[in-house]
Amino acid sequence: MRIILFTGKGGVGKTSLAAATGVRLAQLGHRTLVMSIDPAHSLADCFDFNTDLFHLETSDPLQINDKLSILELNIQREIKRHWQEISSYVSSVLRTTGISGVEAEELAILPGMEELSAMMYINQYRREHRYDAIVLDAAPTAESLRFISMPTTLDWYMKHIFPFQRNLLRAVRPIANRVAPFELPTDNYFVNIRNLFEKLEGIGEIMEDPRTTSVRLVTNPEKMVLRETQRAFVYFSLHGLTVDTVIVNRVLPAEVMDTWFDEWHRSQENVLQEIDEYFSPVPVKRIPLFAHEVLGKDRLQELAKVLYPADEDPLAVTRTDKPYTFEKRDGIYEIRVLMPFAVKGEIGLFKKGDELVVEIGTLRRHIGLPRSMAMLRPSRAKLDNGVLIVEMQEGQ
Ligand SMILES: Nc1ncnc2c1ncn2[C@@H]1O[C@H](COP(=O)(O)OP(=O)(O)O)[C@@H](O)[C@H]1O
Ligand SMILES: [Mg+2]
């Protein structure tokens, strides 16, 4: 099973591109699911579907044709299904601080729940061999980018904190509940977290395997949008996902001759050049601005033809470069982390147990070190052409 993840700033065209990819894949005979995890859903609209019919109380994908289904993830429904225990505990704690019921429930929707729910479905479908391809339409905000690190974070939590916390709480609950301003989490809460964890097991590796998961970054030929695309690229690289294509959507066609657009042509050309240079060797595709919205199946097909010219297979694995590698050179151990655009000052680096912790801005990535390197310490780090090279040596 292949997972193709489209992400980009709001309005750049990710839903249209994800849907067009789904249409093409189905045509090629692949059993395909297009799944939206962007809370600003427009997937059903994009197929020109009657959305009144669509928002039924079910999480079953909606079948468009014999090979193609779509699913818009509804966070309220997901909470009822998977997160009830956790979110009702969080909202009960919030209520003790004087926050009203409804507001507490709103706040108890933790960032990343939508994405984690999506991963549970992906994992389930993978185990059931239900689809050949899952196309994801994902929001790119800092919050939701964090979801890509969640499986590893959860894994870490389950190994290090969970057993300890649970035992501790078992011991103190009878006394603590008499004095604490709010109830401590029940044992159910922990059972629930463990169930969730089991549903997510293995998904981290799936997302990091470039033969399974490819990220396609969608952008527009505008400076403001480009900055956000670069930031997304760094985060995905850091979290071990492989970006195999950058898609520049809405490029003004040369046929547009009106002088009103002269300045647009010039600035787009500059940004396009900048994009090619920045993302190289990742291939950049250009999609023109159409004379109309991309609405309904015919228009999606038209977009798919431009996106996948000739016989290009949207599932082809074109890049397998690992965003980070471990090597031993001349007696010195080296970790190489692809970090395009990162500047030195922004990178934090330290060792914690058998993990190397790399920080960029507010994000943090635990890189589990191979056994042979677990006893080593980072001795030197340098940034070389977008690659962070960390030297590890034996030391105190
Ligand atoms: N290349 C294009 N030419 C013309 N309209 C486009 C193009 N790509 C997307 N659109 C339109 O732009 C709007 C936003 O696209 P959408 O795919 O919903 O963006 P996103 O999912 O990134 O928010 C939609 O109305 C869509 O039909
Ligand atoms: Mg969208």
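This is a predicted model: local features need pLDDT of at least 70, side-chain atom pairs count only at pLDDT 80 or more; totals for chains, interfaces and linings use all residues.

Reader: Which residues of helix 6 are buried?

Author: Met113, Glu114, Glu115, Leu116, Ser117, Ala118, Met119, Tyr121 and Ile122 are buried.

Reader: Which strands does helix 6 lie across?

Author: Helix 6 lies across strand 1 (2–7), strand 2 (32–36) and strand 5 (133–138). Its direction is at about 175° to strand 5.

Reader: What's the strand order in the open sheet of eight?

Author: The order is 3-4-2-5-1-6-7-8, with mixed pairing. Strand 3 (62–63) and strand 8 (284–288) are at the edges with a single partner strand each, so one side of each has no neighbour in the sheet.

Reader: Do strand 6 and strand 7 run parallel or antiparallel?

Author: Parallel, with five bridges joining strand 6 (residues 213–219) to strand 7. One of the pairs is Leu217 with its bridge partner Val246 in strand 7. Helix 12 (residues 223–238) packs on the sheet too, touching strand 1, strand 6 and strand 7, and its direction makes about 165° with that of strand 6.

Reader: Switching topic: what order do the strands take in the open sheet of four?

Author: That one goes 9-10-15-14, with antiparallel pairing. Strand 9 (324–329) and strand 14 (377–384) are the edge strands; each has a single partner strand, so one side of each is left without a neighbour in the sheet. The twist averages 20° from one strand to the next.

Reader: How many bridges pair strand 10 and strand 15?

Author: Six, between residues 332–338 and residues 387–393. Leu338, for instance, has Val387 of strand 15 as its bridge partner.

Reader: Now the ligand. How many residues surround ligand 1?

Author: There are 17, and the closest are Gly13, Thr15, Ser16, Phe290 and Glu293. The shell splits into six nonpolar, eight polar and three charged residues.

Reader: Which element gives the most to that shell around ligand 1?

Author: Helix 1, with three residues. Helix 1 (14–27) and strand 7 (243–251) each supply at least two.

Methods:
Residues are numbered from 1 along each chain as its sequence is written. Chains are lettered from A and ligands numbered from 1 in the order in which they are written. A residue is near a molecule or strand if its C-beta atom, placed from the backbone, lies within 6 Å of it. Ala, Val, Leu, Ile, Met, Phe, Trp, Tyr, Cys and Pro count as nonpolar, Asp, Glu, Lys and Arg as charged, and the others, Gly among them, as polar. A residue is buried if 20 or more other C-beta atoms lie within 10 Å of its own, exposed if 12 or fewer, and partly exposed in between; C-beta atoms are placed from the backbone. Two strands pair if DSSP finds at least two bridges between them. Axes are lines fitted to C-alpha atoms, for helices over the stretch in contact, and angles run from 0 to 180 degrees between N-to-C directions. Two residues are in contact if their C-beta atoms, placed from the backbone, lie within 7 Å.
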